[in-house]
Amino acid sequence: MKISFMIIAVMFAISLSFTIVGYVTFEITVDEIKELLGSRNEGFAFNMIQGLDKHIENRILAFKELTNLKIIQDVLLDSNKKYERFQEMKSHLNLESTDAKFTETTPFLGELEDRVLTDELLDTIEFYHDEYNYDVIEELFVTNAYGANVALTSGTSVYSQSEEEWWQITKNTGLHIDKIKFNESTNSYSMDFAYAINDENDNFIGVLRASITLNDLLSDFSEESDVITIPGRSVVLLDELGRPIYSEQTILLSALTVPYFDILIQGEDVEFFELDDAIDDFKLISYAKSTGYRTFEGFDWTVVIEQDSSSIVSEFIELRNSIFAVSIAGMAASIIGGFLISSTVSSPLKRLTKIANSISRGNFNIKIKPSKINEIQTISNSFEDMTSHLKKLIETEKQLAEAKVKIKNERLTAIGELAASMAHDMKNPLATIKSSTEILKNNAKQTDELNEVVNRMNRAIDRMSHQINDVLNFVRITPLELQPIKIQDLLESAKTSLEIPDNVSIVIPKSNLEIRGDLRKLEIVFINLFLNAIQAIGKEAGIINCTIEEKNTSAIIMIQDSGPGIPEDVFPKIFDPLISSKQKGTGLGLSTCKNVIELHNGTIVAQNNPTRFIVTLPLL
């Protein structure tokens with residue numbers, strides 16, 4: 001009797017111990033899965049908020065460029081002169097401020113409006129709509145230095161904006177960005193961006209305000225959200241007060257703050273935490289706060305990814321509960337036949353524990369042996385279902401990512417073909433325009449003003465031709481016309497093709513090394529490299545040194561300039577298409593150079609501080 005009791009007690013203790021170990025093991029496994037999900041969603045949130053900040057900065061800079069338009073500058077200078085004369089006349093007549101109100105009925109202020117500039121602003125709004133196939137701008141208007149409207153694209157009735165707080169802030173700081181507002185007439189949200197306009201002497205002459213739709217500001221964000229949103233995982237964008245701006249794949253500014261906003265405020269810039277959930281057992285909240293992008297300081301917005309207990313974690317919770325139930329049954333049965341029950345149950349449970357640990361480490365290729373015990377078999381089936389669901393989930397995310405890349409590549413291909421066609425069609429008209437300017441210059445009375453105008457036109461035509469050639473050189477695929485080329489002659493030919501400023505000198509060494517290549521294509525490479533070096537040096541005195549060396553069976557050509565170097569954020573991507581550190585560049589020059597050099601079985605690499613490009617080509 002004592003022996004039986006001891007056996008039962010031992011088996012009971014073993015069952016109890018196994019219950020505790022199994023429970024703890026699966027709790028640890030669930031915690032590891034939570035850590036994996038939370039960290040992955042942190043990465044998604046961080047990339048999305050960075051992309052959003054970058055897009056907003058691009059919009060800010062794009063609309064800032066409008067303030068430099070000549071038509072806006074000229075209209076504002078003229079408007080300010082009229083306004084000053086009106087003020088002098090009013091002072092001369094001793095009128096009180098209440099005698100001349102700035103309303104729609106004031107004849108003088110009505111004359112300040114410029115129809116041509118208004119039409120130009122309307123064309124800008126239409127251009128952005130046609131470019132993106134949705135409304136980007138709701139309203140554009142311009143005031144002079146005294147706050148009077150001179151051009152507007154809506155039915156705004158207040159002619160004077162000078163007393164408005166946003167106008168004063170813009171005048172003093174140069175930029176003002178207002179809060180999100182809802183436009184009932186268009187049933188959409190927008191934000192106002194106001195820019196101070198300065199003349200060429202940096203004197204304040206007016207203000208431009210653009211109402212940009214929230215649909216445009218969140219366009220890229222919405223696309224990324226669509227890709228990563230799956231059942232059980234959603235993306236939310238919060239404003240600085242914790243109110244959802246974007247939720248359930250819809251742009252809608254809520255009046256309610258999310259309940260966990262206090263935790264977000266106290267947390268780090270990128271983090272995740274867990275909330276108890278009555279329906280899904282728990283909810284993971286991963287977030288990333290806006291920290292700005294380059295010149296843009298950010299809006300204090302936060303991207304939140306809410307992750308419900310996914311099928312993976314749900315399976316583990318079900319497995320944990322099943323094991324707990326089986327263990328209780330095992331302890332009860334151990335009183336009757338402890339040794340038989342414990343020996344039958346312990347072994348399969350240990351195997352399941354190993355399988356759970358294997359899955360937690362990312363190994364889904366598991367084999368589960370059949371069990372005669374129904375409870376153990378149920379757990380085994382749950383493992384098989386879990387691994388199957390997980391594989392499908394990973395495969396689905398992979399297919400979504402591949403589909404997005406394919407769509408982007410197709411768009412880039414179509415854009416490239418269109419750009420090549422447009423560039424080709426514009427070359428002849430540009431040549432005609434340049435010839436016409438020379439004829440006008442030769443047949444007209446020679447004046448300094450005429451010469452300056454013609455020179456400006458020629459510089460603009462040359463810049464457009466250079467950019468058109470960049471596009472054509474990048475997209476045009478033609479066979480190589482190979483011939484022996486002396487490297488020194490190749491560099492000299494590229495040098496003579498350029499208009500070199502007086503402050504820059506190019507030093508080309510003597511060399512008899514020869515290569516076999518396409519002279520025209522290789523000239524384009526070194527013309528691009530020389531031109532980049534000249535533009536990098538700028539107006540300061542500088543030198544471009546070239547060296548030609550022989551190494552094994554290759555020629556090493558190095559071009560180094562004394563410029564300030566390439567910005568560190570641009571340097572790793574300088575050979576990618578559409579990447580440029582110049583405001584007026586196409587971003588295709590270095591990409592074209594790389595393509596041509598690789599067609600010649602060569603290589604091109606860049607080094608920074610000082611900037612040098614090293615070209616390696618096979619010798620003849």
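His176 is buried in this predicted model, with a relative accessible area of 15%. The chain has 620 residues, 41% of which count as buried, and its secondary structure comprises 14 helices and 19 strands.

**Around His176**
- Setting aside neighbours within four places in sequence, His176 is in contact with Trp166, Ile169 and Thr170, and also with Asp192, Phe193 and Ala194.
- The 15% relative accessible area of His176 counts as buried because the cut-off for that class is under 20%.

**The chain as a whole**
- Take the contacts between residues at least 6 apart in sequence: 65% of them join residues at least 24 apart.
- The accessible surface of the chain amounts to about 34400 Å², and carbon and sulfur atoms account for 54% of that.

**Helix H4 and what follows it**
- Just after H4 comes Asn133, in the loop between H4 and E1.
- Asn133 has a positive phi of about 65 degrees although it is not a glycine, and it is exposed, with a relative accessible area of 66%.

**The E1–E2 hairpin**
- Strand E1 (residues 137–144) pairs with strand E2 (residues 149–152) in the antiparallel sense, over 3 bridges.
- Phe141 stands opposite Leu152 in E2.
- There are 4 residues between the two strands of this hairpin, and Gly147 takes a positive phi near 90 degrees.

**Aromatic pairs**
- The count of aromatic pairs comes to 14.
- In one of them, the ring centres of Tyr132 and Tyr134 are 5.9 Å apart with planes at 40 degrees, so the pair is tilted.
- Tyr132 is partly exposed, at 35% relative accessible area, whereas Tyr134 counts as buried at 19%.
- Another pair joins Phe221 and Tyr246, whose ring centres are 5.3 Å apart and whose planes meet at 90 degrees, so this pair is edge-to-face.
- That pair links distant parts of the chain, with Phe221 in helix H7 (residues 219–228) and Tyr246 in strand E8 (residues 244–247), 25 residues apart.
- Both Phe221 and Tyr246 are buried.
- One aromatic cluster is formed by Phe63, Phe127, Tyr128, Tyr132 and Tyr134.

**Backbone spots to look at**
- Most residues other than glycine have a negative phi, and most peptide bonds are trans.
- Glu248 is not a glycine, yet has a positive phi of about 55 degrees.
- Glu248 lies in the loop between E8 and strand E9 (250–251) and is exposed, with a relative accessible area of 67%.
- The peptide bond from Asn609 to Pro610 is cis, with omega near 0 degrees.
- Pro610 is found in the loop between strand E18 (603–607) and strand E19 (612–618).

Note on methods. Residues numbered from 1 in each chain as written. Predicted model: local features only at pLDDT ≥ 70, side-chain atom pairs only at ≥ 80, totals over all residues. Heavy atoms only, no water. Buried < 20%, exposed > 50% of the residue type's maximum accessible area, 1.4 Å probe, protein only. Contact = heavy atoms within 4.5 Å. Areas by Shrake-Rupley, 256 points an atom, 1.4 Å probe, with all protein chains shown as cover. Pairing = 2+ DSSP bridges. Phe/Tyr/Trp six-rings, centres within 6.5 Å; stacked < 30°, edge-to-face > 60°.
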